[in-house]
Protein chains: 2
Amino acid sequence: MNCEILCVGTELLLGDIINTNAAFLSKELAALGINVFRQTTVGDNAERLKKCLKDALDNNDMVITSGGLGPTYDDLTKETAAALFGTDLVLDEASLTHIEHFFSKTGRKLTDSIKKQAYLPKGAQALPNDCGTAPGIFLEKNGKVLIMLPGPPKELETMFLAYAVPKLSGLTGRTSVSHTLHIFGIGESTAENMLKKMMTEMTNPTVAPYAKTGQVEVRVTAFADSTEQAEDMTRPVINEIIRIIGREYVYGMDIGGLQEALVRRLEKAGLKIATAESLTGGMISKMITEVSGASGVIECGVCSYSNRIKHEILGVSEETLESYTEYSPQTAEEMAEGVRKLSGADIGISTTGIAGPGGGTDEKPVGLVYVGVSSRMGTFSKKLDLSRGLKNERELIRELASLHALSLALKETEKIMAKAKKVKKIIFLI
Amino acid sequence: MNCEILCVGTELLLGDIINTNAAFLSKELAALGINVFRQTTVGDNAERLKKCLKDALDNNDMVITSGGLGPTYDDLTKETAAALFGTDLVLDEASLTHIEHFFSKTGRKLTDSIKKQAYLPKGAQALPNDCGTAPGIFLEKNGKVLIMLPGPPKELETMFLAYAVPKLSGLTGRTSVSHTLHIFGIGESTAENMLKKMMTEMTNPTVAPYAKTGQVEVRVTAFADSTEQAEDMTRPVINEIIRIIGREYVYGMDIGGLQEALVRRLEKAGLKIATAESLTGGMISKMITEVSGASGVIECGVCSYSNRIKHEILGVSEETLESYTEYSPQTAEEMAEGVRKLSGADIGISTTGIAGPGGGTDEKPVGLVYVGVSSRMGTFSKKLDLSRGLKNERELIRELASLHALSLALKETEKIMAKAKKVKKIIFLI
């Protein structure tokens, strides 16, 4: 079943609001196994709306519109649809009662233009609006399905899930399950090349990669008659992807990034972490504390932006700072060890380096970063070159440095767990 | 001049990402006086893309595409456009050099699929990509203009403003100047209502508001025959907006947010700041150190997520934590004072509160936040209720708390400067 999404509203064409309705509907339709081949946005203009709606109905089994159901003169979607189908608009008593009730509750006067919202194309069913006044419309005619929804996202989303989805499930008779694998440490194009065969050859489940900053996500979606069946279909595909990409790069499934993988793993291990950040300036502790429940695994982070603070609070020795500078493996290691001791945490992680745009030299260029890790297993550091040679890469370098630090902390947690025999095999995926 | 925006990407049709490019381009085109009558989104499918592109070119003077310029097999926009125009793709040496430079710096191997990005339709001009590898394309042929931009929003936005806008200004025969005023402390709809008359009645300069999280930006754009003339036209409008909104809410012009306003102001004042963060977990120090040159004004930040660290490192008294809890004005003030003393900074700022989803009570609900400020002028705190009653508002609460803290730090800097008679009148706008 193919569908086009047609969003109506001049405010969208002026860029005054971002179109979240198209993404919401697309995602929900994909989950129902309905293909969306095009999204179109058109303004509150009768002629252009008519052309777009006709074109969408001609080329698809189903069209879903958003917007243009309100009370004002430029709300034209219903009128245009009725004209296209050659039907009249007739009063829907239930919708009128709902509107009257809504207005009496808010003490406002019911005008004729407000009442206009209760008129539907003949033969259509109203979709109740639990968050506003304008009802939605479900119309099956001439072998086509037309669903018209209100524009405000809260009204549209609530109405679609409560009243449109049951009608659509009835039409398709299929359900879907999706899982997302999270990958760090290999580039997008490398991952795509590795998965190319699966991506192009498989149709159910489907395999699709998504590039994030420094990361790749791969989504596996299966369609079947039942959720259990769809779930069963995804499993061998997920295992095959992990085998192809390599277990060491796949750090989790269906989670909110490296920070959530780390927090959940530290929770399981009963370990605490502390951060000492120079060039990332607090980004790592900010990311860890993004995760609900982080207070169980992190008590302390220090942003030691100056050498004085690195020395006075974290205890990095003056000799180290003088002999090797702050951009050195020695400083990174002393920072990680320092914050671990200061806080009493099990694992200390640190970052130091040059985010730019200034401060780089031939010997120590912008993008040179050291990440330090300290735990009962020992202390070490990793050197990274994170510059991509871009004009404005300060934030990118900081973000990549944070991701590398989170990834190293995750691996350190696993090492400690493996040593403590808390796990037989290093696996945290599911 | 009429334009269609054609966004290319299966991820958009699956609803995996929200289309911000269409809104960005629409707004920028409106500011240039170019009409957008339709936005279309299509997937990475050669046949359907060709049909949409042909339709868009047939019905408009100009088409702007986003997405599909990357290295993978399903990046098809350029190839489709070249086929439609009946031209070949030819190698653009400058683009290849840029890509080679990018890859040699990251030590990655340059594959043929990567090189494919440097090929442009014959007769086209490359638009440099300052944030990535794939160049954009500007093509004038058969009386039509086709601009192809990369999909990632940062790449698209940077490229469009730096390289496409000048060409479009050339086409329209006029030049434009834009200035953006940054507003914090009043809501978007309040600001819009205050500026409604200007927004709807003025045509040159135009006045357009943009809502950001917790902030509003108002952009003033003037068109004229020369830059100087356009510049002169914006000035009285900018002054009028500041008068209407109120000087205390307009914190800067053409800058990178509250963090940049704060860093530049601290630099001028010769003052240093330190942060003590509980619920924001490092977000404030991360934001301050985002600004290039931050090392001159911040040496130290402490993420004191647990009460133990609040006491041991920042010196918040155990009595305070026991009697008033960590969610109290007393704790916020002792944190701010503590980090100021610990670091030797001129200003200490702190945050403590409940970001949720757990941890809230009737008395101290999710969204309750205290921001503390300490300087030679004294120590105080501000109570905030930042909950919007949304399902998933943890990050929103943390971000709003950080913005309030930055704003209070900015005002404290101004107070100190005014006292020291470093400034006659508190003004930091230009």
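Predicted model: local features only at pLDDT ≥ 70, side-chain atom pairs only at ≥ 80, totals over all residues.
Next comes a pair of helices in chain A. Helix H2 (residues 20-31) and helix H7 (residues 153-172) have axes that come within 10 Å and cross at roughly 15 degrees. Angles under 35 degrees count as roughly parallel, and H2(A) and H7(A) are therefore roughly parallel to each other. The crossing of H2(A) past H7(A) is right-handed. On the H2(A) side, the contact is made by A:Thr20, A:Asn21, A:Phe24, A:Leu25 and A:Glu28, while H7(A) brings in A:Pro153, A:Leu156, A:Glu157 and A:Phe160. Sorted by class, that makes five nonpolar, two polar and two charged residues in the contact of H2(A) with H7(A).

Over in chain B, there is an open sheet to look at. Its four strands pair in antiparallel fashion and follow the order E10-E11-E9-E12. Strand E10 (206-212) and strand E12 (250-253) of chain B sit at the edges with a single partner strand each, so one side of each has no neighbour in the sheet. On average, and with direction ignored, neighbouring strands of this sheet are turned by 25 degrees against each other. E10(B) is joined to strand E11 (residues 215-224) of chain B by seven bridges, and the two run antiparallel. Within this part of the sheet, B:Ala211 has B:Val216 in E11(B) as its bridge partner. Packed on the sheet is helix H9 (residues 227-245) of chain B, which touches strand E9 (175-184) as well as E10, E11 and E12 of chain B. The direction of H9(B) makes about 20 degrees with that of E9(B).

That leaves the place where the two chains meet. The contact takes 58 residues from chain A and 61 residues from chain B. On the side of chain B that touches chain A, the count by class is 24 nonpolar, 23 polar and 14 charged residues. Strand pairing also links the chains: strand E14 (residues 298-304) of chain A and strand E14 (residues 298-304) of chain B run antiparallel and are joined by five bridges. Opposite A:Ser304 stands B:Cys300 in E14(B).

Technical notes: Residues numbered from 1 in each chain as written. Chains lettered and ligands numbered in written order. Axes fitted to C-alpha atoms, helices over the stretch in contact; angles between N-to-C directions. Parallel < 35°, antiparallel > 145°, perpendicular 65-115°, else oblique. Left-handed = near helix turned anticlockwise from the far one by under 90°. Contact = placed C-beta atoms within 7 Å. Nonpolar A, V, L, I, M, F, W, Y, C, P; charged D, E, K, R; others polar. Pairing = 2+ DSSP bridges.
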